Amino acid sequence: MQPSPYTPGEIARAVPGRGELIEEFNERLSLLVDLQRLIGRIHVAFGERGIGKTSLLRAYQRLAEERDVLCIWVTAGEQSGLIAQIIDGIREATSSWPQATEASIRQHLDALTVTVGVPGIASVSAKTTRRTAPDAVGARALEKLIRATTEDRKRVKALVLFIDEVQSADADGIRTLAYAWQHLQAEAPNIPAAVYAAGLPNAPEQIADAVTFSERFAYRPLEMLSVGAQVAALRDPASELHVTWEPDALELAAELAVGYPYAVQLYGDASWVAAGRPDAGGTITPRHVKTARASVDRDLRNLFAARWANTTANQRRFLVAVAWLQANDDAVDRGDLADVLDVSSRSLSSVRARLIAKGLIRSEGHGRVTIPVPGFADYIRELEDDPR
Ligand SMILES: Nc1ncnc2c1ncn2[C@@H]1O[C@H](COP(=O)(O)OP(=O)(O)OP(=O)(O)O)[C@@H](O)[C@H]1O
Ligand SMILES: [Mg+2]
């Protein structure tokens, strides 16, 4: 008996299907480390809940750490604000450094802390300045802090800031970060630093609302996994434990998970259990996958129920309409939705935006939307058949 190597609800150990992004990151990493250059654009990967954003950032972090890059990890959304979180991260990472270096960094940390203010008070003063000039002072102070942190090249080859859940970052924080990066780009292209962020599908919009020059950001949508990537995600962890999946079992699991990474992990995990947590030499067959199905469905239904419970009546009407219309067509037209819901198409904008922000629907351009997470539309249609 061997424990399951799958990771439902946890950081994935490998990220099959993200090869192009990993390749791009590796290429940037050599600019950063080998050529000691600034990565001028802030990279933002975005996608639905459970599509693999955090796992991707963690994979980037592993690659960077292998090359002695100092990695600062922030999960945005804390009350104190993004910049205060970055300050805390840098303070923690550098506190054990030799005194001389640390003293210089600390001086810049303190200067930046003063300009962004004490948590709580910061948010008040930030609101009052929102419509005036951008936080130029904070951006300068952050820029100096980045320079100071990367100064001792014997200690750090480069610095990467990772920002998860970037859609929850405060607008002032985003603005300060973006301006600091703009300055560095113009004045210090030889500072080896980069920012990699991830967020829900509304992240690009949130960022565009905070800063006017959002073309300085490089956005990368995360898609559902291809069949090949799903197969790798199922096969490789098993084969490390000398367990094989029959080809038909792989095909069935990939077909049922429809490319949704969380579902792939659920299928891997439940099939492993159904196969009796095989020893080396064991095999996973289509029968095991079929047995797994009931437990995966239950887990997914729990997930969907939680998401459904977290919507308003208005949002539910919208989702129900999309779920039914989507049954006939790939993406749903704004006009068709307005017809079905018997409202003007303009009046749908705000509910649409909220659902995109929650990651429940995805915009496909030209006002068209889909419910992208596999199975969620079916779940909604079934609820309607059997209202409780
Ligand atoms: N490339 C991948 N291949 C297979 N499984 C993956 C991949 N990426 C992530 N997963 C799995 O998918 C699930 C969701 O991953 P992760 O937490 O990284 O997603 P997320 O987009 O950050 O989700 P959330 O929006 O809820 O924070 C996890 O079970 C993880 O192990
Ligand atoms: Mg995440």
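Okay, quick definition to start: helix axes here are lines fitted to C-alpha atoms over the stretch in contact, and angles run from 0 to 180 degrees between N-to-C directions. Contact, by the way, means heavy atoms within 4.5 Å, and helices (H or I, at least four residues) and strands (E, at least two) are DSSP runs, numbered from the N terminus.

Housekeeping: this is a predicted model, where local features need pLDDT of at least 70, side-chain atom pairs count only at pLDDT 80 or more, and totals for chains, interfaces and linings use all residues. Residues are numbered from 1 along each chain as its sequence is written, chains are lettered from A and ligands numbered from 1 in written order, and side-chain values use heavy atoms, leaving out hydrogens and water.

So, H13 and H16. H16 is residues 376–385, and its axis sits 9 Å from that of H13, at an angle of about 110°. That makes the pair roughly perpendicular (65 to 115 degrees). On the H13 side, the contact includes Leu319, Val320 and Trp324; H16 brings, among others, Ile380, Arg381 and Glu384.

Just after H15, glycine 359 has a positive phi of about 80°.

Last stop, serine 55 in H2: buried, at 9% relative accessibility.

Notes: Buried means under 20% relative accessible area, exposed over 50%, partly exposed in between (1.4 Å probe, protein chains only). Angles under 35 degrees count as roughly parallel, over 145 as roughly antiparallel, 65 to 115 as roughly perpendicular and the rest as oblique.
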